[in-house]
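Subject: Handover of the model

Hello,

Please find the structure below.

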Amino acid sequence: MASTGRPEETGERGRPTERGPLPDGFLFGVATAGFQVEGGFNGPGQPANNWLAWEQVGRVAPSGDAVDFWRRPEEALDRAAALGCDSFRFSVEWARVQPEPTGIDQAALDHYVAIAEACVDRDLTPLVTLHHFTHPQWLGEDLWLRPDAVARFEAWARVVVPALAPTVRHWVTLNEINVMGLMTYLLGAFPPGRLAGIDDTAVALDNLLAAHVRAYDVIHAERPDAVVTTNNSCMTVYEYDRMLLDVLLSRSMGVERRDLDGWIAERRRGHYDMLPTPGMGEALLRRVGRAVAPYGSSGRWGSVPRRALDAVEASPHERTLDVLGVDYYDPQASRHFRLPGHGTAGGRNPLPVRELWDDPPDPAGLTRWLGIQATLTPGLPLWVVENGLCNRLRNGRSFGRLDGWDRPRYLRANVAAVVDAVDAGVPVEGYWHWSLVDNYEWGSYEPRFGIHGVDRDRGGPGGTWLETDAMGRDAAGTYRSVIAGLRAGDRSVLQQD
Ligand code: BGC
């Protein structure tokens, strides 16, 4: 039975100490992504990815050296190990390994293998992402609309997986399929930056789901004991999160293709039954999501090829998720919109959207969300693949959050929320904090998410890592004590100061 998430059960109250440690094998980690940490993309003579044009015309900040992870991964891995983590998530960058349409850069691929081995040397289980929002520039900004996108991605998986599988058992095929589709074609925030491209969004999501299935098959053919997931960013609007999972899981849940649309309509009802009553804005977004859905609707979007279903049916595996990955920031879709010009930490925002540094933490919501996922997909273990808090750094000045939250408090409260879910019987098997270190946040170095801050003006390429986070707090010390305490069965480490 999942927790109801009521404040007296979850959140930041004192944690019960009488229960034992987390289940054996529970993984604590930190999550990173190649383009955000490696550095060395999109400059002269460097591998180019789908963000090249935006960097060149100055639409986004240059990614530059990021934190120079490519040249000094050991520093990051040592820091992760020093936190007491037993897992490290990183992505293999397609543009780095295949910078040109023909041939591969074997040295780059070998370097990724060495990074995975360096994880193992430090008792960090590598969790490898095959696609984290980027692809080679030569594939064009609209890769995910191309009819050959799925075959291209499968070919990419066939390059990487055989090289890494001897060392890597845990995989994310594609990071946040839902965010990739929405940011690229609906919200205009990822290249090519299209706004309100409703049917393009549906086509891209369909291709991304099909690509997941093919990559799952490739990984399992190479390594039958692999644990494979994809990790949507939790979102209340059914069509942009749970529906995508339902399409993937339909076959394993005994749904025939001809019955899919009716089943999706039922699943939508079940999903909304479990979520708190929305306000007007939320109700509106839910209606829009339903009206434009490529599944379970009147079929208005019949032009979506449904390659995802073809892939699900053709797979030798009935179910192509071994575990359900969730990225938990703020799932409530309507809360991401604001009146233009609202005040925000470090300035005013002229846009009708909320800034990342104003995302409200909601640990009780995390417990509830995990419970809902377990109810909707019985028997599938869960991973929290990302969860983190943002603050703003602008012109060298770090701004605190308007709501007063900091990372130590956030870490304790959110890990406590996971523990609450586990106590309530939800099979959560891992937690990866986003992120180990401040990094390149999709076009900007202003949003800061790191347990470790970085002084970008000191030291060589990639700057100097700080012991504290960008707000000057000891987030590293907190995570270290939380991990060590929970491993020893001491829940008092989750108590707030
Ligand atoms: C993405 C990360 C990103 C983080 C914080 C997730 O959507 O996977 O790449 O940095 O959220 O915004």
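A polar contact here is a pair of N or O atoms within 3.5 Å; within protein, one must be able to donate a hydrogen and the other to accept it, and residues adjacent in sequence count only if both atoms are side-chain atoms.

Two conventions first. This is a predicted model, in which local features need pLDDT of at least 70 and side-chain atom pairs count only at pLDDT 80 or more, while totals for chains, interfaces and linings use all residues. Residues are numbered from 1 along each chain as its sequence is written, and side-chain values use heavy atoms, with hydrogens and water left out.

For Q36 the distance to a ligand oxygen is 2.7 Å, and for E386 a side-chain N or O atom is 2.8 Å from an oxygen of the ligand. Of the 310 Å² of accessible area that the ligand has on its own, the protein covers 93% (Shrake-Rupley method, 1.4 Å probe). The surrounding residues, each with a heavy atom within 4 Å of the ligand, are Q36, H132, F133, N175, E176, Y329, E386, W434, E441, W442 and F449. This shell divides into 5 nonpolar, 3 polar and 3 charged residues (Ala, Val, Leu, Ile, Met, Phe, Trp, Tyr, Cys and Pro are nonpolar, Asp, Glu, Lys and Arg charged, the others, Gly among them, polar).

Confidence

The chain averages a pLDDT of 93, and 95% of the residues score at least 70 (pLDDT is the predictor's confidence in each residue, from 0 to 100). Over residues 1-18 the pLDDT is below 50; this stretch has 39 contacts beyond near neighbours in sequence in the model (contact: heavy atoms within 4.5 Å).

Backbone

S435 is in the loop between β12 (428-434) and β13 (447-448) (strands, E, at least two residues, and helices, H or I, at least four, are DSSP runs numbered from the N terminus). The bond from P191 to P192 is also cis, with omega near 5°, and P192 sits in the loop between α7 (177-185) and α8 (198-222).

Regards
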